[in-house]
Amino acid sequence: MWPLYAAGFTTAFGAHGIAASLGAEAGVSLLVLGGLLALYDGAEVLLKPVFGTLADRVGARPVLLGGLVAFAVASALYVVADSPGWLWAARLGQGAAASAFSPSASALVARLSPAAARGRAFGGYGFYKSVGYTLGPLLGGVLVRVGGLRLLFAVLAVLGVAVAVWAALAVPVVPPLPKARQTLLDLARRLADPVFLAPTAALAAATAALSVGVGFLPVSGRAAGLGTVATGAAVSLLAATAALVQPRAGRALDDGRLTTRTGLAAGLSATAAGLACAMLPGLTGILVGAVLIGAGTGLITPLGFAALAGGTPAERLGQTMGAAELGRELGDAGGPLLVAVVASLATLTYGYGVLAALVGAGAVVALGCRRAAPAAPGAGPEE
């Protein structure tokens, strides 16, 4: 599992490490900067389902290794050719490569872990992705300060190669499984089934809240007269809480102390409460909001992925993980956009409130849903 955890760290570190440093180094207009930031996520939205389906067809391991190598090549591209045009190409290449190895890594976590330990496996995977999200801006800023943006891209190139070699040596060959022919109508029915839709919607809501917390809690802090240290600490607290909760949530699922349905409902409720606390003025509201959002997303992430793995035929895991990752990317983009639109019409407080209401409604639906995704063996009854 360790090389797969390292792959999760790589995509998170690459996304946030560069995104946090582009504004200082690119020297371009806000419009162009926004385009550079959107390239990575845009490539993932378009390509993750494609590469997930490819992983089912040829095997997840080749797609994982190819994506990691492509990530290293794309990163090295900007190191060799230091120009604005090549920066665009490198960023697009990184996003496309992450679209290949991210859902493949998720599918391999599901294939290589016993059903009774799937919660732990996805809890560990989510933990290391959260570590990448947390350390990306910090380490990326240090690297850029020491050697500029090219040094950061060079480190990412080395990281991609190192993880690819590690995965090639340690990850066993997992051949694709035979599967029945699937029509577009069959795919639509499967993706509309609550077994897929409920955990994916919860994952999208969690990602939306996480992105809003990272992006807008510092804005609330500045409005309250807080310095960058305090606002940065709030964001770090959010990410650290999410990282710490995920392995524990996975163990609780495997041990039968938590079910998928109640866990997702509790996670959505905590996330909604955190967004509501962010509406309160001052440092207390920001810190409590960060902890609750982090705890809620930390609950949802491993349970959501374990539910998807448990409710998906093994031969379709790549396709399911790619589609679920697409849902997360839409939440990642849609949450901040919704809050920004509401804040522009009213205030940021109302933006938090609208998203809190939506996430809270999702918690009510999750708790009342009778057809929940099956829990891992040993996780106890759903009702």
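Me: Helices here are DSSP runs of H or I, at least four residues long, numbered from the N terminus. The model is predicted. In which helix does A154 lie?

Reply: Start with its surface. The relative accessible area of A154 is 24%, which makes this residue partly exposed. Its place is in helix α5.

Me: How many residues lie between A154 and V73 in sequence, and how far apart are their C-alpha atoms in space?

Reply: Take the chain first. A154 and V73 are 81 residues apart in sequence. From C-alpha to C-alpha, the two are separated by 10.0 Å.

Me: How many helices and strands does the protein have?

Reply: Read along the sequence, the pattern is α-α-α-α-α-α-α-α-α-α-α-α. The count is 12 helices and 0 strands.

Me: What share of the 383 residues in the protein is buried?

Reply: The cut-off for buried is under 20% relative accessible area. Of the 383 residues, the buried share is 51%.

Me: Among contacts between residues at least 6 apart in sequence, what percentage joins residues at least 24 apart?

Reply: Contact here means heavy atoms within 4.5 Å. Among contacts between residues at least 6 apart in sequence, those joining residues at least 24 apart make up 83%.

Me: Are α3 and α5 roughly parallel or roughly antiparallel?

Reply: Helix α3 spans residues 60-80 and helix α5 spans residues 118-170. Their axes come within 8 Å and cross at roughly 160 degrees. Angles over 145 degrees count as roughly antiparallel. Therefore α3 is, relative to α5, roughly antiparallel.

Me: How many nonpolar residues are in the contact of α3 with α5?

Reply: The crossing of these two helices is left-handed. On the α3 side, the contact includes L64, L65, L68 and F71; on the α5 side, it includes F153, A154, L156 and A157. By class, 2 residues are polar and 2 are charged, while the nonpolar ones number 20.

Me: Are α7 and α9 roughly parallel or roughly antiparallel?

Reply: The axes of α7 (residues 194-223) and α9 come within 11 Å. They cross at roughly 25 degrees. Angles under 35 degrees count as roughly parallel. The two helices are therefore roughly parallel.

Me: Which residues of α9 make the contact with α7?

Reply: The crossing is left-handed. From α7 come P199, A202, A205, A209 and V212. By class, the contact has 8 nonpolar, 1 polar and no charged residues. The α9 side is L264, L268, T271 and L275.

Me: How many of the 18 residues of α9 are buried?

Reply: Helix α9 runs over residues 260-277. From its first C-alpha to its last it reaches 26 Å, close to the 26 Å expected at 1.5 Å a residue. The helix is mostly covered, with a buried count of 13.

Me: What term describes α7 relative to α11?

Reply: α11 covers residues 317-345. Its axis is 7 Å from that of α7, and the two pack at an angle of about 40 degrees. Their crossing is right-handed. The angle makes the pair oblique.

Me: How many charged residues are in the contact of α7 with α11?

Reply: In α7, residues including F196, L203, T207 and F216 meet α11. In α11, the partners include R328, G331, D332 and G335. By class, 11 are nonpolar and 7 are polar, with charged residues numbering 2.

Me: Which residues is L326 in contact with, leaving aside its neighbours within four places in sequence?

Reply: L326 is in helix α11. With a relative accessible area of 23%, L326 is partly exposed. Its C-alpha atom is 9.6 Å from that of S99, 227 residues away along the chain. Outside its sequence neighbours, L326 is in contact with V45 and P49.

Me: Is V173 buried or exposed?

Reply: V173 lies in the loop between α5 and α6. The C-alpha atoms of V173 and R61 are separated by 6.5 Å, though the two are 112 residues apart along the chain. The cut-off for exposed is over 50%. With a relative accessible area of 65%, V173 is exposed.

Me: How far apart are the C-alpha atoms of F9 and L135?

Reply: F9 is found in helix α1, residues 2-25. Its contacts, leaving aside neighbours within four places in sequence, are Y128, K129, V131, G132 and L159. F9 and L135 are 126 residues apart along the chain, and their C-alpha atoms are separated by 9.6 Å.

Methods: Residues numbered from 1 in each chain as written. Predicted model: local features only at pLDDT ≥ 70, side-chain atom pairs only at ≥ 80, totals over all residues. Heavy atoms only, no water. Expected span 1.5 Å × (residues − 1). Buried < 20%, exposed > 50% of the residue type's maximum accessible area, 1.4 Å probe, protein only. Axes fitted to C-alpha atoms, helices over the stretch in contact; angles between N-to-C directions. Parallel < 35°, antiparallel > 145°, perpendicular 65-115°, else oblique. Left-handed = near helix turned anticlockwise from the far one by under 90°. Nonpolar A, V, L, I, M, F, W, Y, C, P; charged D, E, K, R; others polar.
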